[in-house]
Amino acid sequence: MSTILPKKDVVIIGFGWTGSILANELADEGLDIVAIERGPWRDTATDFNIGYMQDELRFAIRKDLFLHASNEAMTMRNTAAETALPMRRYGSFLPGNGVGGAGVHWNGQTWRFYDSDFELKSHLTGRYGAERLSELQVEDWGVTGREMEASYDRFEQLAGISGKAGNIDGRIEDGGNPFESPRSRDYPLPPNRMPYGPALFADAARSVGYHPFPTPAANLSQSYVNPLGVAMGQCSYCGFCERFGCANYSKSSPQTCVLPVLMRKPNFELRTNSDVRKIELSKDGKTARGVTYVDTSGREFFQPAELVLVCAYALHNVRMMLLSGIGTPYDPATGEGVTGRNYCYQTNSGVTVFFDDKTFNPFIAAGAIGQTVDDFNGDSFDHGSVDFVGGGGINCVPTSGRPIQHRPVPPGTPKWGSAWKKATAKAYQSTLSFGVQGSSYAARGNYLSLDPTYTDRYGAPLLRVTFDFPDNDIRMSHYLSDRAREIAEAMNGTHVVESRRDKSWNSVPYQSTHNTGGAIMGSDPKRSALNRYLQSWDVPNVFVVGASAFPQNAGKNPTGTVGALAYWAADAIREQYLRNPGRGLVG
Amino acid sequence: MNRRAFLTTTAVGLVALAAGSASARSISGRLPWTAFAGEPPTPVTPGGWHFFNPREVVLMEAIVDRLIPADDLSVGGRDAGCVVFLDRQLAGPFGGAARAYMQGPFQEGLKTQGYQGSLTPSGRYRAGLAAFDKAVNDKLGARFETLSADQQDAVLTDLESGKLTLAGKVEASQFFALVLENTMEGFFGDPVHGGNRDMASWKMIGFPGARYDYRDWVDQHDKPYPRGPVSILGNIVEQQAG
């Protein structure tokens, strides 16, 4: 029996980047807001403590700050013909948990997608013909890059992104990405100083005719006060970003950018360690009444609200929709239905260069400090003579030298014993790796659904991920790997070792926590779960904000676009929805 | 709706669960920072065994000394504390698979679906070591620790490849991979967890450990970092540049 709580104006499910940004924006409208977060409260001084944060075993290997499979697992299979089994330990991707969500443990690479990415289907069809897309299910976003520009800018200012613009209002700027779409102004902070590895990469990339530039980073190059008045510090290149909270207030996160202001607002309340089970709908299924959640004592509450914002991790947003019966579940056999449709990932590969005579100090690093070549990302190059669409960024961002995970050895080296040890001691300082972050385009057979067999602690079905890399994306990845190899060979090392991407997606080794889609935005209710404002077509007082809204993923880290979408949705709610609550914003 | 109303409705629950970050909380109007509320690690100290029995200790010490042999680069795995590390890990949440999804049904999976066995890591070590002990004895008529270093390496190579089969529920190459992975965690992790004694592995490769600020060396391209490692225990090894 649920305890029924007094009604709120807004209930927010999940309290990471999107939940905190939306809460802060809507609190300024005077709304009475509660955010409900599954994990614990976390703050920098207590939980990302400088005295013991640099513990690779605890945080990177045992994954203290992450969601654990014991808490909520997912099942996976590569095709619908297989039986999905639970990922009993998260491996390929690592969802966050607790206040700040995945915004605590990210690396900080903060991109804008290209204008052509937002109108992908129209753009590619117009340039190469519909036949080129026949094995894919790509879509337009229903919003243009030009419309998103102001929202991107706000997120970059909030987070103090360090970088160099490549295109301001159509003027190509020296030192930035010459392929980027026009932006209204430069990043709030200049780029970071470059460690040796990325500097060497940039020289090699230029020598083969490409255009390297500093990767836009949420690792701050200088101290900064953001537009909310929150102060942050300069990055100290400690090499403990990804999988760690920043002890130095120099990696952007909800904690370092939003919470010091939001938490003090009297019309905002946060409930932690409280697990939302379901969005409750009216009898006709067209209105959300509020949410049911369970606290750590196992007691169930019903929180009524006028507006429900689904702001959990992308995969959990989709599961919440499926468990709540919002939108028709997608069926890959017919291609019909919307919830679970267009699940995408990231198509990554890598290359490692071994040297005899170099000292890289790989531990002098940060999650986003490096150099990128974008000559082959998205549609920045002519695909007329190749047999795929999409592309990727070639990124030399050595994120750390933490030695449980970072121990390169040349090919043919044993995994243990004297020979292994000798090779490890030599290669640690003298090896440079970089990667290709490739796009992931939707295909009919890749989707999210509820598992028929496996359940969570409460008996509710786990999310089932059905995914393999489409052939198009494998061809793209091989082409990009060849470009990365050209750069690697220009460095004149002793060995170049490629790690190419081939089928099938393996859920065990870490690849990327860039899971996208499943509750996508668009302009056709038959092909998208959300309209262009991230509002559910079926239940208009529900907005679903996150990478779950991406119709497909670009060759870039998603957080910049996720942050921009939070501002885009917040503006739509503030400026349009609140005038006519309960109505769809698109007819 | 306000915080007071919520507190009223949940007063009993909050009283019962007032302390600790694991309890549900309502927070409004403030940043809920509390002094000394963090969770620092408890340093592992050698002495006594929490998980391994005496026979397993003998086997494990012999195994880790072949995975990480003593030479002019560093001490061996045993003297680096790898078995102490493994013992405490297996006696704790990791050994009990506290963070893994352990609900059935358990079925044989595809390679892309990962480990699907019902045993916890501590269960895999217990069963795996017993089966390994027996398999070595059956094959060579001698205990693993009495073999020469070359013979031990040959046995471990066969375990790694699966050529040496183990009776029971533990598959040989998977068991070897687990032991190797955990041994390396102990050797390269912070000494606070019981392995990497005196930061032996960090000195070997030149990793400065838990230092937190390299702003003075970012621009020193291609020059070895001049300072030795530091652990989160506060231990520092100073070394001279050049």
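Predicted model: local features only at pLDDT ≥ 70, side-chain atom pairs only at ≥ 80, totals over all residues.
In chain A, strand β18 (residues 392–396) and strand β19 (residues 431–438) run antiparallel and are joined by four bridges. Within this pairing, Asn395(A) stands opposite Gly435(A) of β19(A).

Strands β18 and β19 belong to an open sheet of six strands in chain A, ordered β8-β17-β18-β19-β16-β22, with antiparallel pairing. At the edges of this sheet are β8 (212–214) and β22 (495–499) of chain A, each of which pairs on one side only. Direction ignored, neighbouring strands are turned by 25° against each other on average. A helix accompanies the sheet: α12 (residues 471–489) of chain A lies across β16 (347–354), β17 (371–373), β18, β19 and β22. Relative to β16(A), helix α12 runs at about 20°.

Chain A also holds an open sheet of four strands, in the order β5-β4-β21-β20, and here the pairing is mixed. Its edges are β5 (85–86) and β20 (447–455) of chain A; each has a single partner strand, so one side of each is left without a neighbour in the sheet. Strand β4 (residues 74–77) of chain A runs antiparallel to β5(A) and is joined to it by two bridges. Met76(A) has Leu85(A) in β5(A) as its bridge partner. Helix α10 (residues 314–324) of chain A lies across β4, β20 and β21 (461–466), at about 70° to β20(A).

Strand pairing also crosses from one chain to the other. Strand β11 (residues 268–272) of chain A and strand β1 (residues 25–27) of chain B run antiparallel, with three bridges between them. In this pairing Leu270(A) stands opposite Ile27(B) of β1(B).

Strand β11 of chain A has a charged link within its own chain as well. Side chains of opposite charge can pair when their charged atoms come close. Glu269(A) forms a salt bridge with Lys8(A), and the closest N and O atoms are 3.2 Å apart. Because Glu269(A) lies in strand β11 and Lys8(A) in strand β2 (residues 8–13) of chain A, the pair ties together parts that are 261 residues apart in sequence. Over all chains, the count comes to 58 salt bridges.

How far does the contact between the two chains extend, in residues? On the side of chain A, 101 residues are in contact with 95 residues of chain B. The size of an interface is often given as the accessible area lost when the parts come together. Chain A and chain B bury about 7900 Å² between them, and 59% of this is on carbon and sulfur atoms. In chain A, the residues that lose the most area to chain B are Arg88(A), Trp416(A) and Lys421(A), which together make up 12% of what that side buries.

Four salt bridges are counted between chain A and chain B. In one salt bridge the side chains of Asp64(A) and Arg99(B) meet, at 2.8 Å from N to O. Helix α11 (residues 417–427) of chain A supplies the largest share of the side of chain A that touches chain B, seven residues. That side of chain A divides into 45 nonpolar, 27 polar and 29 charged residues.

A few backbone details remain. Most residues other than glycine have a negative phi, and most peptide bonds are trans. In chain A, a cis peptide bond joins Lys503(A) and Ser504(A), with omega about -5°. Ser504(A) lies in the loop between β22 and β23 (516–518) of chain A. In chain B, Gly104(B) and Pro105(B) are joined by a cis peptide bond with omega about 0°. Pro105(B) is found in the loop between α4 (82–91) and α5 (121–140) of chain B. Leu534(A) is not a glycine, yet has a positive phi of about 65°; this leucine, Leu534(A), is placed in the loop between β23 and β24 (542–544) of chain A.

Note on methods. Residues numbered from 1 in each chain as written. Chains lettered and ligands numbered in written order. Heavy atoms only, no water. Contact = heavy atoms within 4.5 Å. Buried area = accessible area lost by both parts, 1.4 Å probe. Nonpolar A, V, L, I, M, F, W, Y, C, P; charged D, E, K, R; others polar. Pairing = 2+ DSSP bridges. Axes fitted to C-alpha atoms, helices over the stretch in contact; angles between N-to-C directions.
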